[in-house]
Amino acid sequence: MLNIILMGPPGAGKGTIAKKIVDAFELPHISTGDMFREAISQGTPLGLQAKAIIEAGNLVPDELTIELVKERLLKDDCASGYLLDGFPRTIPQAEALKALGPSIGRPVNLVVDITVPDEELLSRIAGRRVCPKCGASFHVVNMKPRLDGICDRCGSTLIQRKDDNADSFKVRLENYYKSTQPLVDFYKAEGLYHHFDGMVGHIALFEEVSKLLKESK
Ligand code: AP5
Ligand code: MG
């Protein structure tokens, strides 16, 4: 069983590798960022609460985020594994997941952390274009879509995320170091932690992560 957490700083490539992992290992992709963006575009009460927070680069409050993930993990499609992308990203979220997972028979058994130096993160974020429909990420230099401005996976017109600007990125990175990086020690202590260098290139990175997942299945 693969119950995976994918972590890493903003722009490290979590979403990019997540799409490949869920296709190859047939897992549901649970991206809290995508879920919040969907709620914002639908104008739901959660979306209205989260919009300004996300656009400024801040973290959505733990209570809201934990509830969202709890509901999602209880769904039937998570019974035979799942990939969490961008959750948990605070110690209280990790503690909540540690209590929830075993209680519903779906404990986390693998943490994949992808790191990239700060200056590279900024250039990945600045050049990123995303698909508003299927969530796929592209880059104007590093990972160009086959047709300019068009999603390879579903054909929608690509956009730039509202939080992909220098000011919001700075806040996101500060929040990452302050709130999310402490999870490294948390998951090392749990014996679940695996580190990967996100600078090896997206094909090599997927191969390395896939090897671990196949061994852990
Ligand atoms: P979220 O959507 O999770 O954003 P993030 O963590 O800032 O991460 P990103 O999605 O920006 O980056 P990524 O690692 O997925 O990179 P990608 O693959 O796209 O969260 C957004 C917001 O929602 C948060 O700021 C917060 O407000 C809120 N939120 C979400 N979860 C929360 C939680 N748990 N608690 C509280 N609040 C929460 O790649 C980036 C670029 O690099 C792309 O252009 C891509 O083409 C390129 N690229 C990818 N891989 C490579 C590679 N190997 N080599 C070269 N280029 C590459
Ligand atoms: Mg992402």
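Q: Which residues does Asp 164 touch, not counting residues up to four places away in sequence?
A: In this predicted model, Asp 164 touches Ile 125, Arg 128 and Arg 172.

Q: What does the side chain of Asp 164 make with the side chain of Arg 128?
A: The two side chains form a polar contact, with a distance of 2.8 Å.

Q: And where is the place of Asp 164?
A: Asp 164 belongs to the loop between strand 6 (137-139) and helix 7 (166-180).

Q: Is Asp 164 buried or exposed, and why?
A: Asp 164 counts as buried because its relative accessibility is 7%, and buried means under 20%.

Q: What is the relative accessible area of Gly 149?
A: The value is 33%, so Gly 149 is partly exposed.

Q: Which residues is Gly 149 in contact with, leaving aside its neighbours within four places in sequence?
A: Those residues are Ser 156, Thr 157 and Leu 158.

Q: What separates the C-alpha atoms of Gly 149 and Ser 168?
A: A distance of 23 Å separates these two C-alpha atoms, and the residues are 19 residues apart along the chain.

Q: Now the ligand. How many residues surround ligand 1, and which are the closest?
A: Ligand 1 is surrounded by 35 residues, and the closest are Thr 16, Asn 58, Arg 89, Arg 128 and Arg 172.

Q: Which polar backbone atom is 3.3 Å from an oxygen atom of ligand 1?
A: That backbone atom belongs to Ala 12.

Q: What about a nitrogen atom of ligand 1: how far is it from a polar backbone atom of Gly 86?
A: The distance to the backbone atom of Gly 86 is 2.9 Å. A nitrogen atom of ligand 1 also lies 2.9 Å from an N or O atom in the side chain of Gln 93.

Q: Which residues does Thr 65 touch, not counting residues up to four places away in sequence?
A: Thr 65 touches Thr 32, Phe 36, Val 60, Phe 87 and Gln 93. Thr 65 itself is in helix 4 (residues 62-73), and it counts as buried, at 4% relative accessibility.

Q: Phe 87 came up there. What joins Phe 87 and Pro 88?
A: A cis peptide bond joins them, with omega at about -5 degrees. Pro 88 is placed in the loop between strand 3 (82-85) and helix 5 (91-103).

Q: Changing topic: how much space lies in the second largest pocket?
A: The second largest pocket holds about 160 Å³ of space. Helix 1 (14-25) and strand 6 are the elements that give two or more residues to its lining.

Q: Which element gives the largest share of that lining?
A: Helix 1 does, with four residues. The lining residues include Thr 16, Lys 19, Lys 20 and Asp 23.

Q: How many residues of each class are in the lining?
A: By class, there are four charged, three polar and three nonpolar residues.

Q: Last one: where is Glu 26, and what is its phi near?
A: Glu 26 sits in the loop between helix 1 and strand 2 (29-31). Its phi is near 50 degrees, a positive value in a residue other than glycine. Glu 26 is exposed, with a relative accessible area of 70%.

Definitions and conventions
Residues are numbered from 1 along each chain as its sequence is written. Chains are lettered from A and ligands numbered from 1 in the order in which they are written. This is a predicted model: local features need pLDDT of at least 70, side-chain atom pairs count only at pLDDT 80 or more; totals for chains, interfaces and linings use all residues. Side-chain values use heavy atoms; hydrogens and water are left out. Buried means under 20% relative accessible area, exposed over 50%, partly exposed in between (1.4 Å probe, protein chains only). A polar contact is a pair of N or O atoms within 3.5 Å; within protein, one must be able to donate a hydrogen and the other to accept it, and residues adjacent in sequence count only if both atoms are side-chain atoms. Contact means heavy atoms within 4.5 Å. On a 1 Å grid over the protein atoms alone, a cavity is a set of points where a 1.4 Å probe fits but cannot get out, and a pocket is an open set with protein on both sides within 12 Å along at least five of seven lines; lining residues have an atom within 4 Å of a point. Grid points are joined across faces, edges and corners, and a volume is the space filled by probe spheres set on the points. Ala, Val, Leu, Ile, Met, Phe, Trp, Tyr, Cys and Pro count as nonpolar, Asp, Glu, Lys and Arg as charged, and the others, Gly among them, as polar. A residue is near a molecule or strand if one of its heavy atoms lies within 4 Å of it.
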